Amino acid sequence: MLWLLLCAVYIPLGQTLDNGLALTPPMGWMHWQRFRCLVDCDAYPDECINEKLFRSMADHLAADGYLEAGYEYLIIDDCWASKERDDQGRLQPNATRFPNGIKALADYVHSKGLKFGIYGDYGTKTCAGYPGSHGHLETDAKTFAEWEVDYLKLDGCYADIDELQQGYIEMGRYLNQTGRPIVYSCSWPAYQEPLGIKSNYTVLQETCNLWRNWDDIDDTWSNVTNILKWFSDNQDRIASFSGTSHWNDPDMLIIGNFGLSYEQSKAQMAIWAIMAAPLIMSVDLRTIEPKFRDILLNKEIISINQDPLGVQGRLVSTVKKIDIWTKPILPKDESGATSAAIGFLSNRVDGYPYRLNITLSDLNITAASQYTVKDIFENTTITISPSDEIIVRVKPTGVVLLIATPVSGK
Ligand code: GLA
């Protein structure tokens, strides 16, 4: 009887996500921002969405230091599928562009030591018009598991907005039932929040490993700053829901493409790290310039992002049009004072490196009496007390990224 009772209690809990994945923000590569829905392989043989593109990106992820730095997921976005399901109602890839099928591609990706991700949509169609999972959730979850998918980005185009949350919960249940651990990336807030509907973040946290909150990223600086504005305007409502196994997702890194300058690229990397955002690159790894690759591979910035405390950093102050973001990170000193990553992001338009005088006390970093402060891009370190003034020179639309570490015993 007691056993029955326990079961009755256990079943609803079993419906929540508990896949032990995404303990830190997921890192990887996804095709969408850079390669979009380019399916004309005759006109664009090297850039179209086909198995050759993904094999080649897998090669570069493994060989060029990305996997070693933590970028482990290779994720196919929209436009991989055939417009028709197979005669058993299963999704199938476009046969011309994926002649060996998705399982063979997943095997190749796995053979490189990487994990394999794919895109689906909860609605009747994907955003680009390929078959959606509506009415096929269980079949599609099984198909993805048979293909040995490790990460599913489930989009929410062509769906009834009132049905979305429940539909994602249902798909999560089918994914759990496959027994395969699959990172579950949800998108329903990105369909609700822009309409002024506040998503239920408690349910998101219980259902998904990560979720897109807001609009798509595009390859422009103004788009990056718009996304940051939404995240900082809403941080008091959403930030606390990020943490081990469940993360807010401001969308892909666009570093190395066409729209961001070198300084802006450093800024995206630094603030995404502070926000504990998933670090999903979308860039042509065959042609990326080394200086952009170095930003993506910067170990200290990645360790801010991947910090085990898993706290989403926040915009704490704006001084002279410079946004100051902070994130508590390890190490702690013996008194329990944490370290902090501090990002200064300039929204100034005056076209020269602006000098800002500031103290750690101004930023409420006061738990220890002394801190070493390292400038991550300049590679300089000073030791100061919280009341000592420091001068930070921030380039136009650029960033200064510091790590303040308590000096033990001080
Ligand atoms: C939506 C998503 C994008 C991308 C496209 C694909 O716009 O937000 O990230 O997946 O669909 O069509």
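How far does a polar side-chain atom of arginine 212 lie from an oxygen atom of the ligand? The distance is 3.1 Å. The model is predicted: local features need pLDDT of at least 70, side-chain atom pairs count only at pLDDT 80 or more, and totals for chains, interfaces and linings use all residues. Residues are numbered from 1 along each chain as its sequence is written, and side-chain values use heavy atoms, with hydrogens and water left out.

**The ligand site**

| Residue | Polar side-chain atom to ligand oxygen |
|---|---|
| Lysine 153 | 2.8 Å |
| Aspartate 155 | 2.9 Å |
| Arginine 212 | 3.1 Å |

The protein covers 90% of the 310 Å² of accessible area that the ligand has on its own (Shrake-Rupley method, 1.4 Å probe). Residues around the ligand (a heavy atom within 4 Å) include Trp32, Asp77, Asp78, Tyr119 and Asp216. The shell divides into four nonpolar, no polar and six charged residues. Here Asp, Glu, Lys and Arg count as charged; Ala, Val, Leu, Ile, Met, Phe, Trp, Tyr, Cys and Pro count as nonpolar; the others, Gly among them, are polar.

**The fold**

The protein has 14 helices and 16 strands. These are DSSP runs numbered from the N terminus: helices are H or I with at least four residues, strands E with at least two. The radius of gyration is 22 Å, close to the 22 Å that the globule rule gives for 410 residues, so the protein is as compact as a globular protein of that length. That radius is taken over C-alpha atoms, and the rule is 2.2 Å times the number of residues to the power 0.38. The C-alpha trace spans about 70 × 65 × 40 Å along its principal axes. Of the 410 residues, 55% count as buried (under 20% relative accessible area, 1.4 Å probe, protein chains only).

Helix 10 covers residues 221-233. Its buried residues include Trp221, Asn223 and Phe231. Cysteine 186 belongs to strand 5 (residues 183-186). Its relative accessible area is 0%.

**Backbone details**

Cysteine 79 has phi near 85°, a positive value in a residue other than glycine. The residue is buried at 1% relative accessibility. Alanine 276 has a positive phi too, near 55°. It sits in the loop between helix 12 (262-274) and strand 8 (279-281). Leucine 330 and proline 331 are joined by a cis peptide bond, with omega about 5°.

How values were computed: The expected span of a helix is 1.5 Å times one less than its number of residues. Buried means under 20% relative accessible area, exposed over 50%, partly exposed in between (1.4 Å probe, protein chains only). A polar contact is a pair of N or O atoms within 3.5 Å; within protein, one must be able to donate a hydrogen and the other to accept it, and residues adjacent in sequence count only if both atoms are side-chain atoms.
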